Protein chains: 2
Amino acid sequence: MLVVKIGGSTGISLPHIADDVATLWTDAPRMVIVHGGSATTNAVATQLGHPPEFVTSVAGYTSRRTDRRTLEIFEMVYCGQINKGLVEMLQSRGVNAVGLSGLDGRIWEGKRKDAIRIVKDGRRMVLRDDYTGKVERVNTSLLTTLLDAGYLPVLTPPAISYEGEAINVDGDRAAAMTAAAMGADTLVILSNVPGLLRAFPDEASLIPHIPAADVARFMEVAEDRMKKKVMGAEEALADGVRRVIFGDGRVEHPIRRALDGHGTVIGG
Amino acid sequence: MLVVKIGGSTGISLPHIADDVATLWTDAPRMVIVHGGSATTNAVATQLGHPPEFVTSVAGYTSRRTDRRTLEIFEMVYCGQINKGLVEMLQSRGVNAVGLSGLDGRIWEGKRKDAIRIVKDGRRMVLRDDYTGKVERVNTSLLTTLLDAGYLPVLTPPAISYEGEAINVDGDRAAAMTAAAMGADTLVILSNVPGLLRAFPDEASLIPHIPAADVARFMEVAEDRMKKKVMGAEEALADGVRRVIFGDGRVEHPIRRALDGHGTVIGG
């Protein structure tokens, strides 16, 4: 079983990825795709007069401020435009894809954060009307049902709270949880860089391999957007995934290249 | 088996509908929901600087001009905002809903129209870059798989062409095709009027019952947006659905009221 996470940053080539998925799917039809949509959401939110806002937690992590209107725009882009665009690309290549969010069949369940402690202009604040959380449980039965029936699941945030509310969750960590829950051998995380860089954005500083035991040490090397990918990798490996590969999503054959060891291979 | 089509016009109460679905689902978990999103799509398209355009076919039917950008906005609203909003409402009421478009698992397949003959300013024209079509085949296997596993399918356009392109299709007729293909006993079509009106918009002119054999005669009574509902009803009845009910989607218990005979009952 292979889980592939496709980032939502600019530069990632969905057609190249879809080409690769079509080939891999023919050979080994046990795969789950997870995707993001951050850059497009920022653009659409701005066009709709509700520009994106990012907050920094007390622990130093950046995340999207998700009020109810942001959640709606988020769903438009992630679950509408990008999810269905990707399903269409896969269908036109002969892959019987089924696009889903974490709400559908409660695939991704977790706790909505009732208070988010942030730092703004040097001062600590608490946000209470935010729809964010973390995936704590992957209900694999719908994914397994679809795979057994020959469909390729294409999954995207939001997730669902235990109370049934949509919650914005980090896609990389959700993909890691999914890989672990599905008993995946490999998790490939594609973004718009060649992998983990020792000196971002210098692509020549690519770190080719990290032993599973050392991954936590690399948190400090990771620049902002990479931190959650490293965290996801650590969680996936701890939960039984054999290797996590950070690959380049901008090139031809991005998944095959990652599986061949191009990028940053963690564990393995 | 019951199929419920929820219109996309303003005034329809999704919370009332979700309440009703939650009750009905507990008693008889064989149901498929189909929904639209026309009014919201118009608003969002305007906000995004790509205002809606409607064309009138040579035969006199109005439909949305669907260029590639419109299709994208259409998917944002139908498959993102409304589909996931409805899934969230159902999940928070304890119904394990799964939201899908006709692209997913190729549920709704049909032919993309390669040329649309329209009348504009009294002159005939042909549109060739339009992404519209008609559902010709319902691939029921994914719907059956989901129902058998205890999930409620919540379906929305677009459909998929035989070549794997997304195509805008009429939701009422797609719901009718779905009801027929799933062997449904009843199709309920909820809109923002009490049913078929003899003198639209006079709600006192409601037609309470139409025998199945007479439905074609009522095409001329139907105002523009009702024409495709009447056409859908005719197709559903011809393909084995026992009754089609046009119900009021603005009121409490809209589905139960329709099943109790409120609205326009066709056949039965």
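In this predicted model, A:Gly110 sits across from A:Val135, a residue of β9(A). Strand β6 of chain A covers residues 108-112, and five bridges tie β6(A) to β9(A). The two strands run antiparallel.

Both strands belong to an open sheet of four strands in chain A, whose order is β9-β6-β11-β12, with mixed pairing. The edges are held by β9 (133-138) and β12 (166-167) of chain A; each has a single partner strand, so one side of each is left without a neighbour in the sheet. A helix also packs on this sheet: α5 of chain A, residues 171-181, touches β6, β9 and β11 (159-161) of chain A. The direction of α5(A) makes about 10° with that of β9(A).

**Where the chains meet**

Let us now turn to the contact between the chains. Chain A brings 32 residues to the contact, and chain B brings 32 residues. On the side of chain A that touches chain B, α3 (68-92), β5 (97-101) and α4 (141-148) each supply at least two residues. The most comes from α3(A), with 12 residues. By type, the residues on that side of chain A divide into 13 nonpolar, 11 polar and eight charged.

Helix α1(B) has 14 residues, 14-27, and at 1.5 Å a residue they should span 20 Å; the end C-alpha atoms are 20 Å apart, which agrees.

Which residues of α1(B) are buried? They are B:Ile17, B:Ala18, B:Asp20, B:Val21 and B:Trp25. Seen down the helix axis, the buried residues of α1(B) fall within an arc of 165°, so they line one face of the helix. As background, an α-helix has 3.6 residues a turn, so residues three or four places apart point the same way. The buried residues of α1(B) pack against several elements of chain B, including β1 (2-6), β2 (31-35), α3 (68-91) and β10 (152-156). Two further partners in chain B are β13 (186-191) and α7 (254-259). On the other side of α1(B), B:Pro15, B:Thr26 and B:Asp27 are exposed.

**Backbone details in the loops**

| Peptide bond | Form | Omega |
|---|---|---|
| A:Phe200 to A:Pro201 | cis | near 5° |
| B:Phe200 to B:Pro201 | cis | near 5° |

In chain A, A:Pro201 lies in the loop between β13 (186-191) and β14 (209-210). In chain B, B:Pro201 lies in the loop between β13 and β14 (209-210).

There are also positive phi angles in chain A. A:Asp121 has a positive phi of about 55°, although A:Asp121 is not a glycine. This residue is found in the loop between β7 (116-120) and β8 (123-127) of chain A. Is A:Asp121 buried or exposed? A:Asp121 has 5 C-beta neighbours inside 10 Å, so A:Asp121 counts as exposed.

A:His253 is not a glycine either, yet has a positive phi of about 50°. The loop that holds A:His253 runs between β15 (243-248) and α7 (254-259) of chain A. A:His253 counts as partly exposed because 17 C-beta neighbours lie inside 10 Å.

Terms used
Residues are numbered from 1 along each chain as its sequence is written. Chains are lettered from A and ligands numbered from 1 in the order in which they are written. This is a predicted model: local features need pLDDT of at least 70, side-chain atom pairs count only at pLDDT 80 or more; totals for chains, interfaces and linings use all residues. Two residues are in contact if their C-beta atoms, placed from the backbone, lie within 7 Å. Ala, Val, Leu, Ile, Met, Phe, Trp, Tyr, Cys and Pro count as nonpolar, Asp, Glu, Lys and Arg as charged, and the others, Gly among them, as polar. The expected span of a helix is 1.5 Å times one less than its number of residues. A residue is buried if 20 or more other C-beta atoms lie within 10 Å of its own, exposed if 12 or fewer, and partly exposed in between; C-beta atoms are placed from the backbone. The arc is that of the directions from the helix axis to the C-beta atoms. Two strands pair if DSSP finds at least two bridges between them. Axes are lines fitted to C-alpha atoms, for helices over the stretch in contact, and angles run from 0 to 180 degrees between N-to-C directions.
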